[in-house]
Structure formats: C-alpha cells, structure tokens
Amino acid sequence: MKTSVREGKGGVQILDLKGKITIGSGDVQLRETINKLVDEGKKNILINMQDVTTIDSSGIGELVGCYTSVTNKGGKLKLLHLPPKINDVLTVTQLITVFDVYESESEAVASFAA
Amino acid sequence: MGIGSPRSEKTGPIRMSLSSRFENIEMAQHLCAKLIAGYDLPDETKHWILMALREALANAIKHGNAQDLGKRVHLEMEVRDDTLHIRVRDEGTGFDPSAVADPLAPENRLKTSGRGIFYMKTFMDDVAFRQMDGGGMEIVLSKKLLGPKQKEEKGR
C-alpha cells in the first residue's frame with residue numbers, strides 16, 4: 001500500500017491510500033501512519049479510500065483501531081470516497097454507522113470545523 | 001458460453017501445502033479465481049468467495065500456526081455438484097468456534113480483531129469447523145456456483 005499525506009483547510013490531514021490494506025501488507029503501515037500524525041498533534045484526519053483495491057478483516061481491524069486511538073486523543077477520523085465493496089464490508093459488520101463517510105472532499109474537510 | 005468449464009469436476013481437487021506466510025494467500029486466491037472463472041457468477045460474488053478464502057487462510061496462518069514457518073497450511077479446493085468446496089487445515093492447537101465473540105455485539109464493535117469468521121459466514125453458503133484428531137483445525141467453506149437459471153441452461 002502507498003500512503004501520502006496532504007494538508008487541507010483548517011489543518012485537516014488528508015491521507016490518500018492506494019492499494020491493499022490486508023494482513024501483512026498495508027495493515028500495520030496504516031496504523032503507523034496514523035500514529036505518527038497523532039504524535040505530531042495532527043488529530044483531524046480524513047482517509048481517502050478511493051484507490052484502495054482490497055481490504056480484509058485485518059485491514060478493517062486497523063481502521064477501527066485508528067478510529068479509536070484518534071478519538072481517544074480528542075481528534076476525529078473520517079472516511080472519504082469509500083469504494084462499494086469496502087462500503088459493503090463495513091456495512092455487514094455494522095461499522096458503517098461508526099464512521100463518518102463523505103463523497104465530497106470539500107464537504108468532508110469542512111465538517112471537521114463543525 | 002456462460003456455463004464455463006467445471007474444471008475440477010474433471011480433474012479432481014486441487015491440493016496444496018503452504019508455508020505459514022501471508023504472501024501465499026494471493027497465490028491461493030489466484031488459483032481459486034481460475035477454478036471458478038468459468039462459472040457465470042457476478043463479479044461481486046467471485047470477489048466475496050476470494051475474500052472468504054483469504055480470511056480462512058489468514059486465520060490458519062496467524063491464529064492456527066502462529067506464523068510458525070515449521071507448520072504448514074493445507075488447502076484443498078474443488079468444484080463438485082456445482083458447489084465450490086474449500087478446505088483449510090492448520091497445524092495449530094485448534095479453537096472453539098462457539099467461543100468466538102459476536103463482532104456485531106455493541107461491546108465488540110470497536111475491537112480490532114474477531115471479524116474473519118463472521119465474514120466467511122456472511123459470504124459463503126456454509127462454514128464448518130472440525131478439530132482434527134492429529135491436531136490442527138479444519139475450516140470447510142462451501143458455495144453454490146450455479147443459480148436456478150444457469151442450471152436450467154445447463155440441462156439443455
């Protein structure tokens with residue numbers, strides 16, 4: 001998996017993910033990237049999932065772990081551009097109700113200020 | 001066209017012994033994709049079958065064999081009577097499937113693990129567990145590959 005971080009309005013960190021978030025390939029990388037941002041005091045994080053091709057239960061677990069650690073530090077973690085299959089995987093485990101999910105980047109970024 | 005070539009019904013099951021490395025999951029998925037390629041299934045259904053296979057193998061490698069490279073994961077895949085049967089056996093100490101926590105329970109929803117078996121059950125028609133006499137756990141996944149429409153066509 002490839003990760004890159006951009007900064008949006010209001011200091012929102014936009015994390016663009018590309019590739020797989022699966023066991024042994026991308027799952028730990030996701031956690032480390034999020035932890036680094038949180039350690040730097042950057043607690044408003046938007047994960048752009050548009051180019052994520054595959055996710056498995058490990059990847060979902062890491063996503064949930066990241067959500068919890070960011071929230072526990074007083075930050076917010078939201079999701080952008082969920083591909084349909086990842087949406088399905090989150091829906092069947094009822095996690096879709098946990099995450100704030102957006103289709104528009106500008107709306108997503110603005111929502112952190114609300 | 002459309003019914004495809006039920007390859008393993010002619011050739012018998014594919015049997016493999018894999019080392020306990022996550023990298024092997026994709027190779028197995030690739031073979032499974034070939035096995036079901038001839039069936040007129042929606043791409044989405046094929047995707048979920050491969051995800052269930054991934055979860056079974058990941059479970060065997062991580063929890064069953066604890067990533068011990070001295071232990072193997074035994075995989076068997078076969079299409080029989082228009083049904084895909086996948087057997088995944090590890091060389092670990094086994095577990096009690098009934099003791100696995102419900103990932104939908106509110107107290108478990110934010111846990112970072114415990115969803116693999118749930119996904120297998122969601123995406124396959126049947127999931128069975130068997131504690132092997134000689135040690136190890138076997139998971140058997142089954143999925144019907146032909147719906148009524150295709151069966152009718154096949155009968156022509």
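This is a predicted model: local features need pLDDT of at least 70, side-chain atom pairs count only at pLDDT 80 or more; totals for chains, interfaces and linings use all residues.

Author: Residues are numbered from 1 along each chain as its sequence is written, while chains are lettered from A and ligands numbered from 1 in the order in which they are written.

Reader: Why are α1(A) and α2(A) called roughly parallel?

Author: Helix α1 (residues 27-39) and helix α2 (residues 57-72) of chain A pack at an angle of about 10 degrees, with their axes 9 Å apart. Angles under 35 degrees count as roughly parallel, over 145 as roughly antiparallel, 65 to 115 as roughly perpendicular and the rest as oblique, so α1(A) is roughly parallel to α2(A). The axes are lines fitted to C-alpha atoms, for helices over the stretch in contact, and angles run from 0 to 180 degrees between N-to-C directions. Helices (H or I, at least four residues) and strands (E, at least two) are DSSP runs, numbered from the N terminus.

Reader: Which residues make that contact, and how do they divide by class?

Author: Two residues are in contact if their C-beta atoms, placed from the backbone, lie within 7 Å. On α1(A) the contact residues include A:L30, A:I34 and A:V38, and on α2(A) they include A:G65, A:C66 and A:V70. The residues of this contact divide into five nonpolar, five polar and three charged. Ala, Val, Leu, Ile, Met, Phe, Trp, Tyr, Cys and Pro count as nonpolar, Asp, Glu, Lys and Arg as charged, and the others, Gly among them, as polar.

Reader: What puts the buried residues of α1(A) on the same side?

Author: The buried residues of α1(A) are A:D27, A:L30, A:T33, A:I34, A:L37 and A:V38. They cover an arc of only 135 degrees around the axis, which puts them on the same side of α1(A); the arc is that of the directions from the helix axis to the C-beta atoms. The face turned away from that side carries the exposed residues A:E32, A:K36 and A:D39. A residue is buried if 20 or more other C-beta atoms lie within 10 Å of its own, exposed if 12 or fewer, and partly exposed in between, with C-beta atoms placed from the backbone.

Reader: Why is B:D81 exposed, and what makes B:A66 partly exposed?

Author: B:D81 has 10 C-beta neighbours inside 10 Å and so counts as exposed. B:A66 has 13 other C-beta atoms within 10 Å and is therefore partly exposed. B:A66 lies in the loop between α3 (43-64) and β2 (72-80) of chain B, and B:D81 in the loop between β2 and β3 (83-89) of chain B. Phi of B:A66 is near 50 degrees, a positive value in a residue other than glycine, and phi of B:D81 is also near 50 degrees. Most residues other than glycine have a negative phi.

Reader: How many residues of chain B are in contact with chain A, and which element gives the most?

Author: 18 residues of chain B are in contact with 18 residues of chain A. α3(B) gives the most to the side of chain B that touches chain A, with six residues. By class, that side has eight nonpolar, five polar and five charged residues.
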